[in-house]
Structure formats: structure tokens, C-alpha cells
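Please keep the sequence and the model in view while reading.

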Amino acid sequence: MNKTKKILNDPKNVVPELLEGLVDAYHGQVRKLDGVNAVVKSKLPKDKVGLLVGGGSGHEPLFAGFIGRNMADGAACGNVFAAPSPDIILSATKALNQGKGVLYLYGNYAGDNMNFDMAAELAAEEGIATQTVRVWDDVASAPLERMEDRRGIAGDLFVIKIAGAVSAQENDLHEVSRIASKARDNTRSMGIALSAGSLPETGEPTFELPDDEIEIGMGLHGEAGVSREKMLTADALVEKMMHRILSDLPFESGYEVCLLINNLGASTMMELLLANRKAQQILRDKGISVHDTLIGSYCTSQEMAGFSITLMRLDNELKSYYDMPAQSLALVKA
């Protein structure tokens, strides 16, 4: 099997080098912490609840690309597809602490759960309060009765958007955690893959998939989905995905939602727009109104070909925070 071509320097240095590039793109608004793969805002308001996001690298612009005004305050970054270590998380926690505590927000994976929990214990020893919101939006990864076992995928974006807005307005850690959890619990996603991404150090694909097949429910790191099928039309594929998403919350007539069509890495805007076309038709037919639509690369898996669909159900509280202006490298909302 041919190895994937990537434009790199030393693959072992890819994470610190990509973070240096990210810091340069922020033009002084973000800084990298010395000696660890974490980036934080250069200036934080006094008494602000810190919002620390994080996880494995390789999903850019998630997570570090969502630092900014009314967004995250910092990101702890692991190696590609690997959780950040407790010392990285603790360093970022200390940098963000303004006396009101720090909210940890990340995707629900075993390594991230363990390391963020360890960091929370270390932070508590230093007198820093933390709370945790784990995102588990992937409907394909576990049944509804085991929702806390589900993976976090592109739904992270909507939860970060809400949590960032709340943390800019409220200086109470419990309130920021409550509303972020509410956003998480009203968010559902599902992804599909046509071909694999690869690891920079090896160039090897993360999974194998025949040319004429598609994986429905594929995870961000190549975790198995719910089925493999022969190639489908865009409409048929989106119908399958939307059926699983809509029936899970469930989303019903009269609801208002935000919709995300997320590129997993190598799919084209043409394909994403075709998916959006069908998803919007289905929502209209169900009597569900779309408050906002995002289409693009927000949570990727290197050069994985495929996309995910995310819906977040809104109420007046979530809508008010979602509508707050935001400015980050990867998401700008006027």
C-alpha cells in the first residue's frame, strides 16, 4: 500500500510547528506556552471563567483554531490522534486561571477523560477549581441508553461556541458548565467515510476501505461505524444519516436547529453543498426550521474523505448565546 504524501518537516515535530504557525496567524492574540503543546489567549479579563478545550492534534482547526473572542481561551494539544498529557493540561489550566476556575471541554475519549481528570486533581491541589463537559454527540458510536459512552465529533464546535459565549458573560463556573452541558445534550452528529486519513509519522492509513464501499458512522480516528455499504447517491446517504440523527433526540416539528455540514478532510465543497441541499429538504419536510448553517472544515481527520452532519436544537437561552459575535481563526460570526 502506498504511503500518503504530506508536506512536512520532521514528522516528530509536527505538533509544535503547527502551533507556531497558528500563533503567527493570530497576530499576537494567542501565545504558545513554554515547553508544552498548549496555546492560550495573550490577555484574559480579570475574574473570567477560563474555557480550556483540547484533545489530539490532527483534527485542525479543532481545537486550537477555536480560541478567540467569545470562544475558547486556550487549547491543550496532544500528539496526532492522541490525548494531551496531564502536564500540558495543567500548564494551560494555570495560565487560564483568573480566580474563577476553568471549564474543561473536550471529546469523550478514554485517553482524554483520564488525562483531563488527572489534571483536574492536580489543579485542585493548587487551589484551582475545574469542571468538565465531555462532548458525546456521535449517534453511531453507542445506543441512546448509553449516551455517555458516545464519542465526541464535530458537535464539539457548537458546544465550544455556546460555552465560549457563556464564559464571556458569566463569571460563575457552575453556570458556564450548566449551559455548556445543555448545548451538548441538545447536539447530535453522524459521519461517513469514503477513504482513510493517515498518521504523519508513518504515512499509513488509519483503516482500509474498498474503493466501491462507504463506511456509515465512521469515527474521527477510523473507529468502525455501524455498517459498510456499496457507494450510494448523495441523497440516499444523507437520508440514512438524517434518519439516525433526527430519531435520536428526537428532533420534532416546530423545533429550531443549527446545522453543520463538516468536511472530514478531503471532500469537496461541491459534495458538502449536495449534502446540505438534501439535509435542508429533509428538515423542511419535518417542519424543523434552520436558524444557522455552517458548511466547511471544522473537525477533520487529516485527509479522510467524507463528512459529518450535526444538528443542535435551540431554545431561547442557547440561541441567545449562539448568536453572540465570535472571532477565532476558524470561526467568525458577526
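How many residues has helix 7, and how far does helix 7 reach from its first C-alpha to its last? Helix 7 has 17 residues and reaches 24 Å, close to the 24 Å expected at 1.5 Å a residue; the expected span is 1.5 Å times one less than the number of residues.

## Basis of the report

The model is predicted: local features need pLDDT of at least 70 and side-chain atom pairs count only at pLDDT 80 or more, while totals for chains, interfaces and linings use all residues. Residues are numbered from 1 along each chain as its sequence is written, and side-chain values use heavy atoms, with hydrogens and water left out.

Helices (H or I, at least four residues) and strands (E, at least two) are DSSP runs, numbered from the N terminus.

Six strands form an open sheet in the order 10-9-8-13-11-12, with mixed pairing. Two strands pair if DSSP finds at least two bridges between them. Strand 10 (227–230) and strand 12 (289–296) stand at the edges; each has a single partner strand, so one side of each is left without a neighbour in the sheet. From one strand to the next, the twist averages 15°. Angles run from 0 to 180 degrees between N-to-C directions, and axes are lines fitted to C-alpha atoms, for helices over the stretch in contact.

Strand 8 (residues 187–195) pairs with strand 9 (residues 213–216) in the antiparallel sense over two bridges. Ala193 has Glu215 of strand 9 as its bridge partner. Strand 9 also holds Glu213, which counts as buried at 18% relative accessibility; buried means under 20% relative accessible area, exposed over 50% and partly exposed in between (1.4 Å probe, protein chains only). Leaving aside residues up to four places away in sequence, Glu213 touches Leu194, Arg228, Glu229, Lys230 and Met231, where contact means heavy atoms within 4.5 Å.

Helix 7 (residues 269–285) lies across strand 11 (256–263), strand 12 and strand 13, and runs at about 155° to strand 11. Buried residues in helix 7 include Leu272, Ala275, Ala279, Ile282 and Leu283. An α-helix has 3.6 residues a turn, so residues three or four places apart point the same way. The buried residues of helix 7 pack against helix 6 (234–248), strand 11, strand 12 and strand 13. Just after helix 7, Gly287 takes a positive phi of about 75°.

## Aromatic rings

The structure holds three aromatic pairs. Rings of Phe, Tyr and Trp (its six-membered ring) pair if their centres lie within 6.5 Å; planes under 30 degrees apart count as stacked, over 60 as edge-to-face and the rest as tilted. Tyr104 and Phe116 are edge-to-face, 5.2 Å centre to centre with 65° between the planes. Tyr104 lies in strand 6 (residues 102–107) and Phe116 in helix 3 (residues 110–125), so this pair ties together parts that are 12 residues apart in sequence. Both Tyr104 and Phe116 are buried.

Tyr106 and Phe116 are stacked, 4.1 Å centre to centre with 10° between the planes. Because Tyr106 lies in strand 6 and Phe116 in helix 3, the pair ties together parts that are 10 residues apart in sequence. Ring pairs link Tyr104, Tyr106 and Phe116 into a cluster.
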